[in-house]
Amino acid sequence: MEQKILAATLYLKDGLAVNNPKDLKPAGDLRDLVKSYNDGGIDKIFIFDLSSEDIEHEKNLLAIREINRLIEIPTCGGGNIKRLEDVKKVLYAGCKQALINGSKPYCFELMDQASSRFSKEQILVSVENVDFVFKHRDAMKNKIHEMLVMKAGLLDAIENLTDIQYVALCEENEIDAMLNVLKRTNSRGIYGSFLNDVGMNVMELKTTLSSHGIKMDNFEPALKWSDFKLNSDGMIPVVTQDYQTGEVLMVAYMNEEAFQKTIRTGKMTYYSRSRKELWTKGVTSGHFQYVKSLTADCDFDTILAKVSQIGAACHTGNYSCFYNEIVQKEYMDKNPLKAFENEYAIISDRKEHPKEGSYTNYLFEKGIDKILKKIGEEATEIVIAAKNPDPEEIKYEAADFLYHLMVLMVEKGLTWEDITHELVQR
């Protein structure tokens, strides 16, 4: 059985998130909203650009680019997609797919152009009635990946016309209503306003749907509680770590109930030995820990949890509970990502706070042409060094090239996170 998805819808007006096309009130901080979807279990976000002018459209594209920098789940961009150029813009802004409005007269021609220029896997069509499907059902099979069915009650008619897959609107936050859509053969998933609510526990919903035979992207543990070696209190210690940086955040304990709740909800839940009660991290502070992975050690007596930490992990306000230094020996951190980030931070600081005599500031003062000239020169030096039998020379030239590349990145507002995100998407 194919895995089904739960999708959120996001509406952008003037670069900000709003409730919906009929209610343009702010829907909250855009960054917090999409991070919540990303960490909370949403599988995909449909982003609708509600702009009415070109300047606003560009603002929304910048917002879409920022969204895709922040999150790991795929996005599909729609709204104001009238030309092939518009399809290209949302894809270049980081969306995995572009959504074309099936109710517009230009839809079929644009669908044809877009699938030829890119690929049908990157093209979706929104459907609000069956007319478009009826007219183009044969051609659509080779032009689009799937449909977004935006009105309830159309599924029977659509399935009589085509076997193209779809994500469909589900208006009710009721299991039976969801199952009515998700159990259909051509259904890829559902979306609905209730899934946009950041208070919705999506992982718990997925667990419930899984119990009804729907294949979801939820946690199915490879180990049972009985597989662990517990301490004398019947608990297991948990070391919690930031999934991106590797920084150790805290150590706590789980009993069986805490373990099962963590699996079910996707939020780290522990057992407080002092209060003798279960506690889900973040319930009172908002500083939730969203589970990315749980791993047992070689003796099955400790769990390593990698999480996305919202806010601070420590009750003192520190990001990590481990901040009281005992001894410190100077050492060179050779972690590649940290080395790149540290060097990038220094270059970025030079741009913000110029230092007299700094070569970095000299490059920024001379401008983009000088920076590009140096990158070209350093790239040539790498080529020349590569012809030398001694590989050591390549090391020095590559370091020079990467330094100048980082100057360019700072100048253009790109980060290593942007670069690595693009790499892992390939």
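A nonpolar core is taken here as a set of buried Ala, Val, Leu, Ile, Met, Phe, Trp, Tyr and Cys residues joined through side-chain atoms within 4.5 Å, where buried means under 20% relative accessible area with a 1.4 Å probe, protein chains only. The model is predicted, with local features needing pLDDT of at least 70 and side-chain atom pairs counting only at pLDDT 80 or more, while totals for chains, interfaces and linings use all residues. Numbering starts from 1 along each chain as its sequence is written, and side-chain values use heavy atoms, with hydrogens and water left out.

On those terms, the largest nonpolar core has 62 residues. Leu10, Ile45, Val87, Ile100, Met147, Ile190 and Leu209 have the most contacts inside that core. Another core, of 18 residues, lies apart from the largest one and includes Phe259, Ala305, Val307 and Ala313.

Stepping back to the whole chain, 42% of its 426 residues count as buried. The fold has 14 helices and 16 strands, these being DSSP runs (helices H or I, at least four residues; strands E, at least two) numbered from the N terminus. Along the principal axes, the C-alpha atoms fill a box of roughly 70 × 65 × 45 Å. Of the contacts between residues at least 6 apart in sequence, 56% join residues at least 24 apart.

Helix H2 (54-70) runs for 17 residues and reaches 25 Å from first C-alpha to last, close to the 24 Å expected at 1.5 Å a residue (1.5 Å times one less than the number of residues). Its buried residues are Glu56, His57, Asn60, Leu61, Ala63, Ile64, Ile67, Asn68 and Leu70.

On a 1 Å grid over the protein atoms alone, a cavity is a set of points where a 1.4 Å probe fits but cannot get out, and a pocket is an open set with protein on both sides within 12 Å along at least five of seven lines; lining residues have an atom within 4 Å of a point. Volumes are the space filled by probe spheres set on the points.

The largest pocket holds about 910 Å³. It is lined by 30 residues, with Lys35, Leu70, Tyr243, Gln244 and Glu417 closest to its centre. H14 (416-425) is one of the helices supplying at least two lining residues, alongside H1 (30-40), H2 and H10 (336-352), and H14 has the largest share, at six.

The second largest pocket, at about 700 Å³, has 28 lining residues, and Tyr11, Pro21, Phe48, Met150 and Tyr191 lie nearest its centre. Here strands E1 (5-13), E2 (16-20), E4 (44-49) and E6 (97-101) each give two or more residues, and E6 gives the most, with three.

The volume of the largest cavity is about 120 Å³. Its lining has 14 residues, and those nearest the centre are Ser36, Gly40, Val198, Met200 and Val202. H1 contributes the most to this lining, with three residues.

Note on methods:
Buried means under 20% relative accessible area, exposed over 50%, partly exposed in between (1.4 Å probe, protein chains only). Contact means heavy atoms within 4.5 Å.
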